Amino acid sequence: MSDSYDDEIEASRAPLLDHLVELRSRLIICVAALLVGFAVCFGFSEPIYRFLLHPFAIASQLLAADQAAHAEQAGGFDLVKFFTGTRDLFLALVGAREVPASAEGDKLNLIFTAPLEFFFTKLKLAGFGAVVLTFPVLAWQVYGFVAPGLYKRERKAFVPFLLASPTLFLMGAGLVYYIILPFVLWFSLSQQIVDAQVSVQLLPKVSDYLSLVTTLLLAFGLCFQLPVVLTLLGMAGIVSSDMLKAGRRYAIVAVFVVAAVVTPPDPISQTMLALPIILLYEISIWCVRLIERARRREDEAGTDIVPV
C-alpha cells in the first residue's frame, strides 16, 4: 500500500475515548432530532393520517366510476375485467381522466374498537413520520462518524449512496402511494356485497389501515435499496457481475418469496413488488459491471484499489 494511504491512516487515528465522546454527541443529536420530529409529526398526526387516506379515497372513487360505467355491482376476482379496464384506471390515477366524485354524503368509513386505539395509532404514525422526516439528519450523523476512518477514495464513493438511498426509497414509496395502495384497496372494496338482502361492507380499523400503509411503504422502500446494497458489495469485491448473472434465476425466486412475505396475501401486490425488484436487480448487475471496468482501468494504470 502506498505511503499516502499510510499517512491517511495515521491522520485518522484517534484515542478510543475521543471516538466514544464523538459517538455520544452524535447519538444525542440523533435522539434530539427524533424527538423534535416526533413532536412535529404528532402535532400534525391528523393531517398526515388524512394524507395517507388519499389512496383509499381514490380507490372508492374508482369503484364508483367502475360501477357507474358498468351499471352493476363490482365483485369477484375477475382479472380479465381489471386488465381490460387498466387504461381507465391509470388515466384516473394520474388525473388524465376525471373520476366522478362519490355520492353526496358518501364518506370514507374507518373505525376503531378500543377507547385509545386511535390515540396509539397517532403515536405510531408520529414515530414512523419522525424517522422519515429526520432520515437526512440520521444518515449525515452516521456518515460523519465513519467518514474519518475512510480513505478519500472511499468517501467520494460513499457520498453518492447517501443521495441514491433516499431517492430510491421515495421511488418505492411513490409506487405504493399512487399505484399499489389504490389498486389493493380498490380490489378490497370490490369484494363488498350490498343489496336489499345482504350488506357486507369494508370497514377497516384505523390501526389496521396504518399498519397496511406503513408495511407497504417500508417493504417497497427497503426493497428498492437493492442496487445500493449490491453496488456496495461489488465495490467491496464480495460479488461480481458474473456471479449476479449466474444467480439470476435464484434471485428471481428469492424476490418472489420476499414479496410474498412483506406484502398482503394477494398475488397482485406481490407481483407489483417483485417485478420492479427484478428490474432493479438487472440494473445492479449493470452498476457492478461498470465498477469492474473502472477497477480494471485503474489496475492497468497501476493505481491501488482500496475496497469500501
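Biologist: Which residues lie nearest the centre of the second largest pocket, and how many residues line that pocket?

Modeller: In this predicted model, the second largest pocket is lined by 14 residues, and Phe51, Leu52, Phe128, Val132 and Leu217 are the ones that lie nearest its centre. The volume of this pocket comes to about 390 Å³.

Biologist: Which helices each supply at least two residues of that lining, and which element gives the most?

Modeller: Helix H3 (45-52), helix H7 (117-133) and helix H9 (152-189) each supply at least two residues, and H9 gives the most, with six residues.

Biologist: How do the lining residues of the second largest pocket divide into nonpolar, polar and charged?

Modeller: Twelve of the lining residues are nonpolar and two are polar, while no charged residue takes part. Phe, Leu and Val all count as nonpolar, and residues of these kinds are found nearest the centre, among them Phe51, Leu52 and Val132.

Biologist: What makes the pairing of arginine 50 with glutamate 46 a salt bridge?

Modeller: The closest N and O atoms of arginine 50 and glutamate 46 are 3.6 Å apart, and because the definition asks for a side-chain nitrogen of Lys or Arg within 4 Å of a carboxyl oxygen of Asp or Glu, the pair qualifies as a salt bridge. The two residues are four residues apart in helix H3, and therefore separated by about one helical turn.

Biologist: Why is arginine 50 called exposed, and what is glutamate 46 called?

Modeller: Exposed means over 50% relative accessible area, and arginine 50, at 59%, therefore counts as exposed. Glutamate 46 has a relative accessible area of 38%, so it is partly exposed, since that class covers what falls between under 20% and over 50%.

Biologist: Where does the salt bridge of aspartate 242 and lysine 245 lie, and how far apart are its N and O atoms?

Modeller: Aspartate 242 and lysine 245 lie three residues apart in helix H12 (residues 241-246), with about one helical turn between them, and their side chains meet at 3.6 Å, N to O. Aspartate 242 counts as exposed because its relative accessibility is 53%, whereas lysine 245, at 34%, counts as partly exposed.

Biologist: What does the salt bridge between glutamate 282 and arginine 248 tie together?

Modeller: The closest N and O atoms of glutamate 282 and arginine 248 are 2.6 Å apart. Glutamate 282 lies in helix H14 (residues 267-300) and arginine 248 in helix H13 (residues 248-262), so the pair ties together parts that are 34 residues apart in sequence. Glutamate 282 is partly exposed, with a relative accessible area of 30%, and arginine 248 is also partly exposed, at 28% relative accessibility.

Biologist: How many salt bridges does the structure hold?

Modeller: The structure holds five salt bridges, including the one between glutamate 282 and arginine 248.

Biologist: How do you know whether proline 264 is buried or exposed?

Modeller: Proline 264 is found in the loop between H13 and H14. Buried means under 20% relative accessible area, and proline 264, at 16% relative accessibility, therefore counts as buried.

Definitions and conventions:
Residues numbered from 1 in each chain as written. Predicted model: local features only at pLDDT ≥ 70, side-chain atom pairs only at ≥ 80, totals over all residues. Heavy atoms only, no water. 1 Å grid on protein atoms, 1.4 Å probe; cavity = no way out; pocket = protein on both sides within 12 Å on 5 of 7 lines; lining within 4 Å. Points joined across faces, edges and corners; volume = space filled by probe spheres on them. Buried < 20%, exposed > 50% of the residue type's maximum accessible area, 1.4 Å probe, protein only.
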